[in-house]
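I opened this notebook to record what I looked up in the structure. The entries follow the order in which I worked.

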Amino acid sequence: MTIDMTIKIGGAAGQGIQTVGTLLTQACCNAGYHVMGVNDFESRIRGGHSFFQLRISDVPVNAPSHQVDLLIALNEESWHRHQNQLKDTAMALIDSGEPIESDDRAVNVRFAKIAGQTGSKLYANTVAAAAGLSVLGASFDLIESILTLQFKDKKQGVLEKNMSAARQGVEAVEKMHLETRPLSKTSAPKGQVMAGAMAFSLGAVASDCRVAAFYPMSPATGIMGNLTAWTGQIPLVVEQAEDEIAAVNMTIGAAFAGVRAMTATSGGGFCLMTEGLGLAGMTETPIVIINAQRPGPATGLPTRTAQGDLEFVVHASQDDFPRFVFAPGTLDQAFELTKKAFKLSEQFQVPAIILADQYLVDSLFLLESKFEPENEINRFIVTDSDLDEPGSYHRYQVTPSGVSPRALPCQGEALVLVSSDEHREDGHISEEIDHRNAMVDKRRAKLPDMLKQMAEPTEEFPDADTLLVGWGSTAGALTEAVHTLRQQDMNVGCMLFTDLWPFPAETVLKRFNQTKRIIAVEQNSTSQFARLLRVETGMACADSILKYDGRPFTPNDIVQAVQQMENR
Amino acid sequence: MTDTKKYDTNFKNQWCPGCGNFGILAAMKDALAAREIPPENLLIVSGIGQAAKTPHFIQCNMFHSLHGRALPLALGAKLANRDLNIIVNSGDGDCYGEGGNHFIHAIRRNTDLTLLVHNNQVYGLTKGQASPTSSMGMTTPLQPRGVISTPINGPALALTLGAGFVARGFSGCQEHLSRLIQAALSHKGFSMIDILQPCVSFNKINTHDWYKERVKEMDNPNLNDVKKAMELATADSDRIPIGIFLAGESHDFISRIPDFKTRPLVSIPYDKQSTTAVLESVQSL
């Protein structure tokens, strides 16, 4: 790649960091670059320290970098915090009372003061964005078009004031030049900027989800926020429940009554939903739960990322029942696996869980090909006309596949009887040994066919001596790390899992049998995937690269860890 | 009494002989027949407990769910299919204990369903522990020195939360109870009946005779008077008024949802066009 730059915008919560980040990302996308942006913020509304980190390149980028080319510091603290990540060639535009003279990469630009002169300090972030774009080589036309896109729907005057603030910002850095000015050359956009949360929300819409119930919890709330905006345009109701217990039970009730339904939460909320997950398992009600992971236990780090819930969601609830677990790693996978979760959940009448995380839902990625709707949606439902004798319909009729014909309540003569107690084929509760065994066996009988639906892991250089194994959102960092390591003549490949449960053990055993050494790469502290792999296949990972500080992996984290292992 | 045979099931009933649930079951069937709700148009959602087994003994669609969770589950079903006739059978522990938060919020939402709280002031299924409505001082195997918390008054709580239909019934006054259930089923919005019932096995204080001496059917001429309703709901335990305390006008949850289609969500076919419109609205590719 010839261009690979990272721009970091830091400041306090409430200073509009995300707005600057979005503006810069949009501008770089429109200028024809690949972009990806990471939001790093604290669980607070004002103060503290937040930053947005944008990476732009002329080749696809799907992970944050560890080095910074341009720092836009809306306060002095941002300089002190990120100074050590700056490349030698970097520039830092800093809004500090006293100019920082100890470092010649530092340039003092009084964003807030300049904004004050144009009308209000509120526009400091626009001044900063324009200044940043300008040193990156953007023409004012580009800046203008981005501001128009961002503010055209706002109250009258807002766009004009932002435009004037932007002019001042450009003027303030007029004589300053970064060595590389990527925005001085533009080409057609490579795609569109999209947050991971949006891909999940669109996946739900494309699945014809009609009821979504939730209790607000970072970082899952954004997924529900998107859905809320579309109610009225499509047959969809989004309800904020009194707690996660209610949310999952509403979801189950809606699914039982016949629509596709979902809920989204994070680990703590998933804890409360566990009881309902079991109910969905026992009553064979198809629901979709998105768990956008954050570090735990308990409240943990509310606004940060983790992959610590894998073993939890795979095993959550008392006793055994079949379920699906998917962990997408990209925008495309978020959309496709949400659709797959809805479909398979209904096809097999089991709950489906999607493991996302804060990094995936809150980060901005480049969507390169459009998400398309389905031509039709197969609901795997029967009505009276499909039944020989609807009057003697049995919801839990034993079948070889374990899947019983599913009728909906109050849609005909067939009465639908459902119990959370163990039950007979007709749905009435029973403690008879034969009934219990028949129902456990029936539910379990779905597993072989469910397994056939599990996609194989994707791989890069699978014949390598060392295979890095990851799942979910670490895909971008892992893939890039592999390419970097190979450039350093290390024989490394990777295998990335998205379809996690039921665990595709046989496929994995076939794929791995040539490999000499497997290293698990995960964002938890005990290498949960490695443990799952061992339990399900008997295969042991030689080592693990783990990160549990709540921040996403950079490719460099992985590269360095592998190098250290080699040098041991 | 109308013919209630079509609501009978052949599922074996194992409630204790003399259980108040039998009176409630009979009153329900009578009310359903009177209101002409056919089994195939009826959904009964229940939680867990002896009361929650009720739908097994009524010909209907049924979701016998989790302890305390019947109300949110019923709301979800109602969202999916606004045409459903939903009755929720719950008990004092199920509704006021495990499901207390859901009870509060179901009232806030004014979900159009009828909640029947079988209130025997004790836990029956788990063999005789105190419930949220057990009276102060009542001794049980698990509270041998007596209950030391005050009981929840379900109807009074519902009234403070702005419930539109609140009534109290008694399992021993079956015809009266049937009339209450009929009125509740006709009410648009959340309707609840706290139904006093003896537990012949575990509540030796609030027996059938104890209630018989105290309950009094009353005529409430002004069903819109919340103050009067509260007075009735909180009357001294020596004289327990049963009847409808409040049956005001109400705007139910489904009708509060803006843009909610008049057809049940479940009956609207998949529409590629509107789905495409949403996908297009956020995609610029």
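**Entry 1: the strand pair between the chains.** I note at the outset that this model is predicted. I began with strand 15 of chain A, which pairs with strand 2 of chain B, residues 61–64. The two strands run in the parallel sense, and three bridges join them. Looking for a residue pair there, I found A:Val418 opposite B:Phe63.

**Entry 2: within chain B.** I next examined strand 5 (165–170) and strand 6 (190–196) of chain B, which run parallel and are joined by six bridges. B:Phe170 has B:Leu196 in strand 6 of chain B as its bridge partner.

**Entry 3: the contact between the chains.** I asked how many residues of each chain are in contact with the other. The record of my search reads 58 residues of chain A and 47 residues of chain B. Among the elements of chain A that give two or more residues to this side are helix 7 (196–206), helix 10 (267–283) and strand 15 (417–419). The largest share, 10 residues, comes from helix 9 of chain A. By kind, the residues on the side of chain A that touches chain B divide into 33 nonpolar, 15 polar and 10 charged.

**Entry 4: chain A as a whole.** I recorded 19 helices and 21 strands in chain A. The radius of gyration of chain A is 26 Å, close to the 24 Å given by the globule rule for 568 residues, so chain A is as compact as a globular protein of that length. Its C-alpha trace spans about 85 × 60 × 40 Å along the principal axes. I found that 56% of the 568 residues of chain A count as buried. Of the contacts in chain A with a separation of 6 or more, 72% come from residues 24 or more positions apart.

Terms used
Residues numbered from 1 in each chain as written. Chains lettered and ligands numbered in written order. Predicted model: local features only at pLDDT ≥ 70, side-chain atom pairs only at ≥ 80, totals over all residues. Contact = placed C-beta atoms within 7 Å. Helix = DSSP H or I, 4+ residues; strand = E, 2+ residues; numbered from the N terminus. Nonpolar A, V, L, I, M, F, W, Y, C, P; charged D, E, K, R; others polar. Pairing = 2+ DSSP bridges. Rg over C-alpha atoms; globule rule 2.2 N^0.38 Å. Buried ≥ 20, exposed ≤ 12 C-beta atoms within 10 Å, placed from the backbone.
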